[in-house]
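Thank you all for coming; I would like to walk through one structure with you this morning, slowly and element by element. Please have a look at it first, and then we will start with a question.

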Amino acid sequence: MVLKAELHCHVEGAASPALVARKAAKYGADVSAFIVDGRFVWHDFTSFLRAYDQASALFRTQEDYADLTEDYLLALSAQDAIYSEVFISTDHAISAGLSPRAYIEGLAEGMRRAKAATGIESRMIATGLRHKGPDAVMEAARYIAENPHPLVTGFGMAGDERMHHPRDFARAFDVARDAGLGITVHAGELSGWESVANALDTIRPSRIGHGVRAIENPDLVRRLAEEQILLECCPGSNISLQVYADFPSHPFPALARAGVPVTLNSDDPPYFHTDLAREYDIAAAFFGCDDGALAEITRTALKAAYVDETTRNTLIERLDADKTVRAGDADFAGSVASS
Ligand code: ADE
Ligand code: ZN
């Protein structure tokens, strides 16, 4: 058992097919276009996003979101996670007819319930959707900047990376940064290393969602290591979406060896038939991570989390106090290098 932390999971993407089917029954909706035999069906990134949007449209009330968030965090806590950051999307709420305020209150209620039941700490990262364009992302940033919530501590951008240039979103990220939010952006997943370099140059994030395709340029890898930009890696997602053919081809160990801070995340767990525990298992099975190295990955996540310092220190103390793993014994880069 290794204590875990997750920095990259989309809350809408965390809804299980069973929960989505229950919401569909509540609203009299038909899910046969995207759920078959209890599984989400899609065949490429575009059809994945379509299924994801259709499922998200079935979360329509504050209570629906409280349910979803509580469900997700309870399951995560059962996998020994002590901290979770979830990406949220006011665009999806608005599309489902829910106000951003009720949406965030529902999410916060789910977080409070899960914390009361298990102690799991969590925060939200508001996101804009890249494929909706710069104006929509600016609107998402402005809403969150003008309506601060103590549990919303970051701003990011998800969606189709193949559309638009990162510079088109720089002003939206400035609005979020000026509001005191941590900055992360999806890049280097569907597009190559240039996408990561352009995001660094124009958006100036402290973390990158995925970012794994930085491996295509050794100078960029050195830059990530020098600037200690954290990559929120999601290996199971990458294999499902065929970014890489298989786990042995995944650049996670090479990035770690180069000194880039890397963490493990589930992205959209039921779509990719994964969860955080499986991501840690993948790292053990394919990336040469022993329990000490896995605990160091959790520490890397906590150090880069968008939380106040008191909460961060409490979480790190909890990791240090965990006697089942000698956290801190292993030098992760070293342990991977020698594997
Ligand atoms: N939104 C949900 N999952 C995503 C992913 N893997 N990439 C980009 N946008 C997303
Ligand atoms: Zn993602």
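This is a predicted model: local features need pLDDT of at least 70, side-chain atom pairs count only at pLDDT 80 or more; totals for chains, interfaces and linings use all residues.

Where is Gln 228 found? Gln 228 sits in the loop between α9 (218–227) and β9 (230–233), where helices (H or I, at least four residues) and strands (E, at least two) are DSSP runs, numbered from the N terminus. Residues are numbered from 1 along each chain as its sequence is written, chains are lettered from A and ligands numbered from 1 in the order in which they are written, and side-chain values use heavy atoms, with hydrogens and water left out.

Back to Gln 228, then: its phi is near 50°, a positive value in a residue other than glycine. At 47% relative accessibility, Gln 228 counts as partly exposed, a term for the range between buried, under 20% relative accessible area, and exposed, over 50% (1.4 Å probe, protein chains only). Asp 80, which is not a glycine, likewise has a positive phi, of about 70°; Asp 80 lies in the loop between α3 and β4 (81–88) and is partly exposed, with a relative accessible area of 26%.

Let me turn to the metal site. Which residues are the protein donors of the zinc ion (ligand 2)? They are His 8 (NE2), His 10 (NE2), His 186 (NE2) and Asp 267 (OD), lying 2.1 to 2.3 Å from the ion; donors here are N, O and S atoms within 2.8 Å of the metal (3.2 Å for Na, K and Ca), and water is not among the atoms, so sites may look incomplete. In sequence, the spacing of these donor residues reads H-x1-H-x175-H-x80-D. His 10 belongs to strand β1 (residues 4–10) and Asp 267 to the loop between β10 (262–264) and α12 (276–286), so this pair ties together parts that are 257 residues apart in sequence. Both are buried, His 10 with a relative accessible area of 8% and Asp 267 at 2%.

Next come two helix pairs. Two packed helices are described by the angle between their axes and the distance between the axes. Axes are lines fitted to C-alpha atoms, for helices over the stretch in contact, and angles run from 0 to 180 degrees between N-to-C directions. The axes of α1 (residues 17–27) and α3 (residues 62–78) come within 12 Å and cross at roughly 165°, and α1 and α3 are therefore roughly antiparallel to each other, a term used for angles over 145 degrees. The contact, meaning heavy atoms within 4.5 Å, involves Leu 19, Lys 23, Lys 26 and Tyr 27 of α1, with Asp 64, Asp 67, Leu 68 and Asp 71 on the α3 side.

In the second pair, α13 (residues 291–304) and α14 (residues 309–321) pack at an angle of about 170°, with their axes 9 Å apart, and are therefore roughly antiparallel as well. Among the residues making this contact are Leu 302 of α13 and Leu 315 of α14.

I will end with Ser 122, which lies in strand β5 (residues 121–129) and is buried, with a relative accessible area of 4%. Leaving aside neighbours within four places in sequence, Ser 122 is in contact with Leu 73, Tyr 83, Ser 84, Met 111 and Leu 151.

Technical notes
Angles under 35 degrees count as roughly parallel, over 145 as roughly antiparallel, 65 to 115 as roughly perpendicular and the rest as oblique.
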